[in-house]
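Q: Please take a close look with me at one part of this protein. I would like to hear how it is built and what it touches.

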Amino acid sequence: MTEEKAVPDVVKVEAPAALAADAPVATTSEKKKKKKSEVEVAVRLTKVTKRFGAKTAVDEVSLRVRAGSVYGLIGPNGAGKTTTFSMMAGFLKPTSGNVEVLGYSPTQVDELRSRLGVLPQDALLPASDKVGEFLSHMALLQDIPKDRVETTAREVLAEVEGRDWWNVRCGSLSHGMAKRVQLAQALLGDPEVVLLDEPTAGLDPRVAYEVRQLIKSRRGRCTLIVSSHNLQELEEICDGAAILDRGRVVASGSISELTAASEEIRIRLAQGPVPIPVVRDLPMVKRVEWDDERRELVVYFDRGSVDAETVIGHVLWALLQNQARISAVSKGRGLEQRVMDLT
Ligand SMILES: Nc1ncnc2c1ncn2[C@@H]1O[C@H](COP(=O)(O)OP(=O)(O)OP(=O)(O)O)[C@@H](O)[C@H]1O
């Protein structure tokens, strides 16, 4: 048996009434406790499982996303990213386990209104509405005061480089334009937590770059949770990430931990000498591997006792002294390689 589609056709901030009805209501004193500055963990999942009939889409997932960080959800197709997003957004209820956003259940829509913004994957805009009407309507639902609605909507539309689209019907937007309008909708009212499922999918490279810049510019101002298949993009914009595979978290932590950036460096050598022993003999070096095909030297060192920059300095010096020709240097193995290793 399957449940209905995880994400609604039209972008909505309100959870289905059936879900909202059984959510516990926070008391006034609880509300005071959960003010913006006091929340350290913006999103917390504890042993969350979601089953669709016999299919387990998300399996005992536990995550903590620090307030103010940009956090990536990574994984191959079918790993459970969208299902996890849908539970964080309150569109789906977990089969078991607990999801908290800013200390509330995502189904506590009154508490989270204007504090949680969502860009679902493949959401549709109302085709006959003009962009300005749609954003103004969504701004009202976010409790933005009536006299601020148009200014707020226009500002956020300008942020996604869509200032000329106010009177364009949603149905006549290209895929990339529609995606940016949905992104504007997710950012309306400056929410504290923003969930972005594949925010750059289908965008041309220039617009994708601008969206990445926009996400980076919000770091510290709000918590952003981003899913993408573009791992270079996630490595660039995220502070931390979780790698999912078949519904389970197979690794999580800071990007530097995930990519081993603080325990290994990689050096590509052009044709010429490969003086491995001089590198191996350096005091801070734990181990060295040479990949002849890629002409890549991997140098391992003890995390904590020395930083990657110091190791790079010593290793390059030793290599150059021995006539090696260096064509590239990197810290860690890259997120892409790590995900390939794990999934
Ligand atoms: N409504 C549903 N009914 C039945 N199975 C579902 C439903 N939604 C998701 N699934 C299944 O749950 C698993 C996880 O799906 P999900 O969409 O969360 O993955 P994903 O990581 O977002 O994948 P993609 O990268 O392809 O978007 C898949 O096997 C999918 O077929």
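**The annotated span, up close**

A: Residues 43-271 have end C-alpha atoms that lie 49 Å apart, and the span is 33% helix and 29% strand. Helices (H or I, at least four residues) and strands (E, at least two) are DSSP runs numbered from the N terminus. An unreviewed UniProt entry annotates residues 43-271 as "domain: ABC transporter"; such annotations may be inferred rather than shown by experiment.

Two notes before we go in. This is a predicted model, where local features need pLDDT of at least 70, side-chain atom pairs count only at pLDDT 80 or more, and totals for chains, interfaces and linings use all residues. Residues are numbered from 1 along each chain as its sequence is written.

Let's start with strand β3 (residues 70-74), which has five of its five residues buried. Buried means that 20 or more other C-beta atoms, placed from the backbone, lie within 10 Å of the residue's own; 12 or fewer makes a residue exposed, and anything in between partly exposed. In a regular strand, side chains alternate between the two faces of the sheet. Here Val70, Gly72 and Ile74 point one way from β3, while Tyr71 and Leu73 point the other way. β3 has parallel partners: four bridges join it to β7 (residues 223-227), and four bridges link it to β8. Pairing requires at least two DSSP bridges between two strands. Tyr71 has Ile225 of β7 as its bridge partner, and Ile74 stands opposite Ile243 in β8.

Gly90 follows α3 and has a positive phi, near 85°.

Next, the nonpolar core. Such a core is a set of buried Ala, Val, Leu, Ile, Met, Phe, Trp, Tyr and Cys residues joined through C-beta atoms within 7 Å. The largest one has 75 residues, and Leu135 and Leu195 touch the most other members. Helix α7 (residues 175-187) gives the most to this core, with seven residues. Setting aside residues up to four places away in sequence, Leu135 touches Ala153, Val156, Leu157, Ala184, Gln185 and Leu188, where contact means C-beta atoms, placed from the backbone, within 7 Å.

α7 also holds Lys179. Lys179 counts as buried because it has 25 C-beta neighbours inside 10 Å. Beyond residues up to four places away in sequence, it touches Gly202 and Leu203. The C-alpha atoms of Lys179 and Arg44 are separated by 27 Å, and the two residues are 135 apart along the chain.

Finally, what lies beside this part? The domain assignment, which is automatic or from a database, gives domain 1 (17-256) and domain 2 (259-342). Eleven residues of domain 1 are in contact with eight residues of domain 2. On the domain 1 side, α9 gives the most, with four residues. By class, that side has seven nonpolar, two polar and two charged residues; Ala, Val, Leu, Ile, Met, Phe, Trp, Tyr, Cys and Pro count as nonpolar, Asp, Glu, Lys and Arg as charged, and the others, Gly among them, as polar. The centres of the two domains, taken over C-alpha atoms, are separated by 38 Å.

How values were computed. Contact = placed C-beta atoms within 7 Å.
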